[in-house]
Amino acid sequence: MKQKTQAIREEIEQRLAAGECATSKELIELKMEYLGKGGKISALSKGMRDVPAEERPEAGRLLGELRAWAEEQFDAREKELKRRELAAKVAGERIDVTMPAKFHAGGSVHPVTLVRRELEEIFSGMGFNIFEGPEIERDYYNFQALNIPADHPARDMQDTFFVGGEYLLRSQTSSGQIRVMEKQAPPIKVLSPGRVYRSDSDATHSPMFHQMEGLVVDKGITLCDLKGILDEFARRMFTAETKTRFRPSYFPFTEPSVEVDLSCKNCGGKGCRICKGTGWIEVLGAGMVNRRVLENCGIDPDVYTGFAFGIGLERIAMIKYGIGDIRLLFENDVRFLRQFKD
Amino acid sequence: MKVPLSWLKDYVDVDIPVEELAQKLFSCGLEVEEIVYVGQEIERCVVGRIETIVPHPDSDHLQICTLNCGSYGEAIQIVTGAHNIREKDLVPVALDGSSLAGGVKIKKGKLRGVESNGMLCSGEELGINEDWYEGADVNGILLLHGDPAPGTDIRPVVGLDDYVLDIAVTANRPDCQSVYGIAREVAALLGKPLRPLALDYTPADVSTAQQVTVTVEAPDLCPRYIAHYVSDLNDAPTPLWMRRRLALCGLRSIRNVVDITNFVLLEMGQPMHAFDISHLAGKQIVVRRAREGEKIVTLDEKEFKLSPENLVICDAEKPVALAGIMGGLNSEIEADTPAVLFECAKFERANVRRTSRALGQKSDSSARYEKGVDAYTTGIAINRALHLVEELGCGKIARDRFDVMAEVTEPAVVKTTVSAINALLGIEVPKEEIKRILTALNFSVTSNKDELTVTAPAYREDIEGYPDIAEEVIRMYGYDRIEGTFLKNASNTMGGLTDAQKLEARAGNALREQGYSEAITYSFISPKDYALLRIADEAQRAIKIVNPIGEDMSLMRTTLMPSMLDAAVRNVRRGNEQGRLYELANIYLAKQQPITELPEERRTLGIAVWGGAEDFYTAKGAFEALAAELGVQFAYTAAERPYLHPGKCAAVLLGGQPVGVLGELAPDLAEELSVEVPVYLGELDYAAVAAQADAAVHYTPLPKFPEVKRDLALLADEGVTCAEAEAVIRESCKFVTNVRLFDVYRGAQVGEGKKSMAFSVTFTPREKAIAPEDADGYIRRIVKALGEKLGLSQR
């Protein structure tokens with residue numbers, strides 16, 4: 001028996017080594033030839049009958065060992081074959097990773113909204129709320145309460161659209177100042193964004209555009225505070241190096257009034273085409289709230305002071321993104337719009 | 001406003017370069033918009049002395065000159081066609097490579113074979129006339145007088161070596177609307193003395209009162225009216241120095257007394273007028289409101305029909321001037337005018353502005369009055385004019401005048417403190433510095449410890465309170481000294497968006513996630529936009545702009561649909577084959593017309609979707625995504641709109657109420673617009689949806705037992721809708737939590753007029769698990785109900 005089992009063992013070793021079974025199917029056939037019901041090892045088991053009784057335990061052990069060994073051999077070979085087959089399959093699955101992706105593109109935010117949102121984030125972090133006043137306004141809120149009486153020359157600064165009687169399309173979000181101050185006692189920190197309208201139309205003027213008014217009224221507010229707030233705005237909206245410059249101006253609802261320039265981000269202040277060689281770009285008007293305006297809203301100007309500023313959102317967007325013509329902002333060409341992401 | 005540098009230097013020593021002056025003016029609030037060098041067009045043009053003149057050998061009208069141009073050459077040969085020249089004459093010579101007025105370039109060349117190295121110039125070629133240089137209007141070469149050395153740059157010789165500053169003056173500083181007003185600021189800026197204006201004159205033995213009476217019937221519109229008589233006029237030419245100044249500011253010389261009024265306007269900012277007294281009927285001047293329908297023909301020969309809103313200067317019978325705007329043709333000064341009445345007045349600025357606007361008539365005078373003229377300047381400008389009358393020897397000045405003043409305006413006195421000024425500014429400007437600045441600006445200042453009493457100069461009618469004083473201080477002290485602080489004293493406040501603002505931001509996000517880009521369109525639309533959508537009547541509801549830019553932007557929109565269609569069509573025409581746009585903006589709904597209260601501004605969502613891959617249901621996805629984000633459920637029913645496809649149009653309902661519409665652009669309208677890709681338009685009453693929104697998170701525990709899904713294929717008549725079937729499925733079994741249509745089939749297998757609808761139905765167990773046989777039972781119940789209610793059968 002020992003000889004027989006040894007012979008089978010050698011035979012299996014030889015045949016596996018010879019690579020007789022290159023595929024799983026051949027391996028199974030080979031396995032059946034030895035371990036199957038009519039296989040050579042089974043035949044050997046059947047021959048146990050003819051083994052003398054005293055040799056049977058030893059023969060049985062040898063037979064068992066052979067069976068276990070053979071199964072192990074075939075299993076190992078099977079695993080190896082599967083590994084090779086998978087490797088071969090994977091090797092055939094090479095794709096062109098440069099082909100277009102399948103995805104659903106999200107929409108874009110209008111650049112004016114991007115600027116508005118950024119301003120809202122900057123200022124709400126400083127404790128500002130956001131108030132949206134009506135676009136169709138009464139003359140009182142757009143002009144008179146802002147210290148611009150009828151036939152005041154300052155009305156020439158803004159060619160206003162009228163819709164009958166005392167009603168007009170607001171020419172400035174400053175109207176929101178009055179509505180807030182009428183309802184709320186200081187301390188006030190509010191932004192008033194929205195659409196405004198002026199009868200003007202060319203590459204840098206649109207009959208409809210967006211402004212954002214900022215207003216702070218409290219005890220002890222100073223011109224330095226206005227400067228500090230706008231410095232912060234300039235740094236966050238543009239770059240950390242952006243500087244602001246105040247120069248005297250005139251708005252009936254502020255005193256003193258300033259025009260605020262930002263250092264030109266294109267040339268860094270050296271002077272270029274965009275800043276017309278000055279190194280500065282005019283971006284907004286501001287000032288300390290006129291005492292009459294506070295009085296008009298029932299706020300005691302001897303107790304409270306405040307500042308206000310008005311920012312043109314289109315102007316900021318045009319500077320920030322280098323948009324040359326304001327009309328592009330209202331054409332809504334998707335090739336334009338899709339460039340502005342959240 | 002134009003300020004010639006040479007004129008400015010009459011009153012203050014400007015010893016810095018003009019660019020530096022401009023920078024200083026800019027920093028104190030007077031923006032110099034442009035610095036024009038008067039002789040900027042003239043280059044390489046010098047004084048030349050004609051040494052010899054010989055005739056041209058091949059021409060009977062040309063002459064060959066030899067010119068001594070000093071360092072540029074002592075024998076320059078130039079051929080000229082002019083004949084008003086003689087040897088030894090001094091003339092302007094345009095050398096080779098020079099440029100002249102109008103950008104004309106001069107190069108050397110040959111004239112009929114003779115070399116010519118430049119050109120002799122006329123006044124016109126230098127861009128000047130008689131107002132700049134005596135003899136400049138002569139036809140021929142300009143003959144220079146005096147003794148300028150050959151080779152001298154011609155520009156200083158003929159008065160072109162000068163600068164004109166174009167200065168923007170803010171509306172609060174009418175006192176700076178003049179050369180002298182700017183000089184006052186410059187003197188303060190440079191710390192130099194300001195030379196006073198000569199205001200003296202010698203009265204003659206003639207009397208204004210004997211010639212005329214003056215009555216001001218409308219003192220509210222005319223706070224001050226001064227009339228002064230000048231007789232024995234002559235028509236002597238205005239001297240060159242005055243003509244030149246007028247010319248530098250763009251005015252031409254007319255005749256001496258008129259030139260004086262213009263000069264005073266430019267110098268002091270006070271408009272004046274001179275009436276030919278022989279034309280004043282009844283020897284009267286009456287300042288009054290015009291009578292209804294009264295007429296006047298102004299100096300420029302335009303006729304105006306007036307109303308009591310307009311102030312006029314009249315004689316005993318008729319208006320002779322439109323107050324503050326323009327004189328009447330009937331009292332114009334002419335060469336033989338024997339005597340004039342000078343008017344120097346302050347008219348109320350708002351009325352001048354209104355009248356000027358209403359009549360569409362403007363002048364240099366009305367421009368000043370609109371900005372405001374102060375009564376103090378009115379009082380001294382007349383003296384300045386009379387001084388000039390005397391200086392020019394124009395006539396005899398009356399010893400008396402009318403000076404009708406509604407009330408004497410006192411200079412503003414502001415009592416404040418150094419600390420109040422500094423508290424507003426946020427920096428510490430030393431008291432002495434404050435006093436120095438204010439004094440330099442002609443304010444008078446007295447102080448006691450912290451207290452300041454500041455009296456404004458009489459011409460500063462804009463000064464009201466201490467913030468004005470603070471502004472004067474800081475604009476001279478320097479805005480660059482303002483150091484940023486971060487709301488040092490302010491209270492803390494809670495900032496941020498309101499819930500409604502956050503919800504709107506989320507709505508926008510939901511749409512952008514669906515691929516929609518945000519659009520911003522104009523709030524105004526055209527009546528034609530309504531007509532295009534075949535809802536022309538709706539235009540009646542829209543609020544009209546009284547003074548629109550044009551009809552295209554004349555109505556405040558009551559719907560976003562026209563704007564959405566316009567955006568889609570523009571995109572398609574530009575070759576953008578596919579796109580999704582949304583806009584969240586207001587529509588404007590008048591409560592009544594004409595409006596007597598603020599209209600409703602209603603936040604509305606508009607969408608536009610176009611492209612071959614889009615259909616009704618992709619567009620509907622926008623509304624469903626929004627509904628999911630805002631926690632609402634929309635229902636849709638077939639609807640019709642004149643501008644939408646009759647078979648592909650839905651009304652959107654929320655809680656049974658219509659809140660929107662969605663559909664494909666009507667094919668015939670698409671054809672009319674030449675749009676070949678399908679376009680879908682939608683509009684939603686965002687305000688109504690937001691009011692119902694439940695955007696809060698409501699957590700539901702996950703089911704304890706597995707959900708059971710069953711597919712259900714139904715045979716239905718074509719008219720049965722998905723929504724109807726879904727409703728029956730849901731109401732037939734309380735465990736149904738989701739119903740999804742996943743297939744619709746039409747064809748031979750189901751028969752004509754029929755369709756097969758396949759639903760996936762989800763049952764969610766509650767207290768105990770749902771066994772397969774339970775689900776079978778539910779399905780049987782559902783199928784039975786579908787059969788009874790809608791006539792459906794299971795396939």
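Reply: A residue is buried if 20 or more other C-beta atoms, placed from the backbone, lie within 10 Å of its own, exposed if 12 or fewer, and partly exposed in between. This is a predicted model: local features need pLDDT of at least 70, side-chain atom pairs count only at pLDDT 80 or more, and totals for chains, interfaces and linings use all residues. Residues are numbered from 1 along each chain as its sequence is written, and chains are lettered from A and ligands numbered from 1 in the order in which they are written.

Me: What percentage of the residues of chain B count as buried?
Reply: Chain B has 795 residues. By the cut-off of 20 or more C-beta atoms, the buried share of chain B is 42%.

Me: What is the radius of gyration of chain B?
Reply: This value is taken over C-alpha atoms, and the globule rule is 2.2 Å times the number of residues to the power 0.38. A compact globule of 795 residues would come near 28 Å. The C-alpha trace of chain B spans about 125 × 80 × 60 Å along its principal axes. The radius of gyration of chain B is 42 Å.

Me: In what sense do β12(B) and β15(B) pair?
Reply: Strand β15 of chain B covers residues 284-289. Thr215(B) stands opposite Val286(B) in β15(B). Over four bridges, the sense of pairing between β12(B) and β15(B) is parallel.

Me: Why do α5(A) and α10(A) count as roughly perpendicular?
Reply: Axes are lines fitted to C-alpha atoms over the stretch in contact, and angles run from 0 to 180 degrees between N-to-C directions. Angles under 35 degrees count as roughly parallel, over 145 as roughly antiparallel, 65 to 115 as roughly perpendicular and the rest as oblique. Helices α5 (residues 111-124) and α10 (residues 313-321) of chain A pack with axes 9 Å apart, at an angle of about 100 degrees. The two helices are therefore roughly perpendicular.

Me: Which helix gives the largest share of the side of chain B that touches chain A?
Reply: Residues are in contact if their C-beta atoms, placed from the backbone, lie within 7 Å. The contact takes 78 residues from chain B and 71 from chain A. The largest share of the chain B side, six residues, comes from helix α12 (residues 466-477) of chain B.

How values were computed: Pairing = 2+ DSSP bridges. Contact = placed C-beta atoms within 7 Å.
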